Amino acid sequence: MRFIVVHMEQRLYKWALLEYEHLSELVGKEKLLFTNLTKTQATALSAYGKTTTQPIEKILLSKPCLLDPNADKTLTPEDAKQFSDFVFGGILGDYPPQKRTLELAKLLPSAPRRNLGRAQMSTDTAVFATKRICDGIPLEKLIFQDNFVIFMADKMEMILPYRYLIDGGKVVFSAKLMNYLKKKKGF
Ligand SMILES: C[S@@+](CC[C@H](N)C(=O)[O-])C[C@H]1O[C@@H](n2cnc3c(N)ncnc32)[C@H](O)[C@@H]1O
C-alpha cells in the first residue's frame, strides 16, 4: 500500500509542510510518495517520504484510487483491498471548497475515485482516514469533528471549517501546526 500526495500548490507553504510532516508521522514515511515538486520542495520533504519532481501522470501507478470528496462512491474496507496506490491532492483547504481535486481527476482519468464522505478534510486527515479504512474500520465507525477551533495568542479564535478525525478522545491535529497558527498574525 502506498499513499501518494500530489502537491498542487505553487509554493510549499509552511501550513502544507507541517501537514505533510504530520501525515508522515501518522502513516509512516516508507509508505509515502510526494509528487509534482520543485527540486527545492523535494529536498524539504525528503525527511517525510519519497519525493519526486515528476508530475503524477508520469508515475507508474499500481491499482490506483483517487480520493475525492466529489466522487460518487465511498471507500469501504472491502473495496479498498482492490487498490494499491491511494492518491490525494496536496491542496490546502479552502472555503467554500474550490473542487480542485477535480483537476487531479482530469490528470488520472482512468483511476477510480472514492470519497470519504462529502465534508472537506485536511490532506493529513484524508490520508489517515484512508489508512484506517484500509486497516478494516469502515468510515461510519470513525469519529470526526467538524469546525476545529484554535485559540490564538491574542485571544481571538480561528475556526478551521474542515473535518478532522478524533482518536483516543482527541482531535488528530499536528501540534506543530497548532503552534504555528497560534502565533501567526493575519492570513
Ligand atoms: C483539503 S482537501 C482539498 C479539497 C479541495 N478544496 C477541493 O475542493 O478539492 C485535500 C485532499 O484531501 C482529500 N480529501 C479531503 N476530503 C476528502 C473527502 N471527504 N473524501 C475524499 N478525499 C478527501 C482529497 O484527495 C483532496 O484533494
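Guide: Helices (H or I, at least four residues) and strands (E, at least two) are DSSP runs, numbered from the N terminus. The model is predicted: local features need pLDDT of at least 70, side-chain atom pairs count only at pLDDT 80 or more, and totals for chains, interfaces and linings use all residues. Residue numbers start from 1 along each chain as its sequence is written.

Visitor: Which elements each supply at least two residues of the shell around the ligand?

Guide: These are β5 (85-90) and α5 (123-134). In total, 22 residues surround the ligand, with L67, G89, P97, T101 and A126 the closest; a residue is near the molecule if its C-beta atom, placed from the backbone, lies within 6 Å of it.

Visitor: Moving on, which residues of α1 are buried?

Guide: They are A16, E19, Y20, E21, H22, L23, S24 and V27. Buried means 20 or more other C-beta atoms within 10 Å of the residue's own, exposed 12 or fewer, and partly exposed in between, with C-beta atoms placed from the backbone.

Visitor: What covers them?

Guide: The cover includes β1 (2-7), β2 (32-35), α2 (39-45), β5, α5 and α6 (175-183). Contact requires C-beta atoms, placed from the backbone, within 7 Å.

Visitor: And what follows α1?

Guide: G28 follows, with a positive phi near 100°.

Visitor: Where is L92, and why does it count as partly exposed?

Guide: L92 lies in the loop between β5 and α4 (101-107). L92 counts as partly exposed because it has 15 C-beta neighbours inside 10 Å.

Visitor: What does L92 touch?

Guide: Leaving aside residues up to four places away in sequence, L92 touches E9, Y13, W15 and A16. Of these, A16 is among the buried residues of α1.

Terms used: Contact = placed C-beta atoms within 7 Å.
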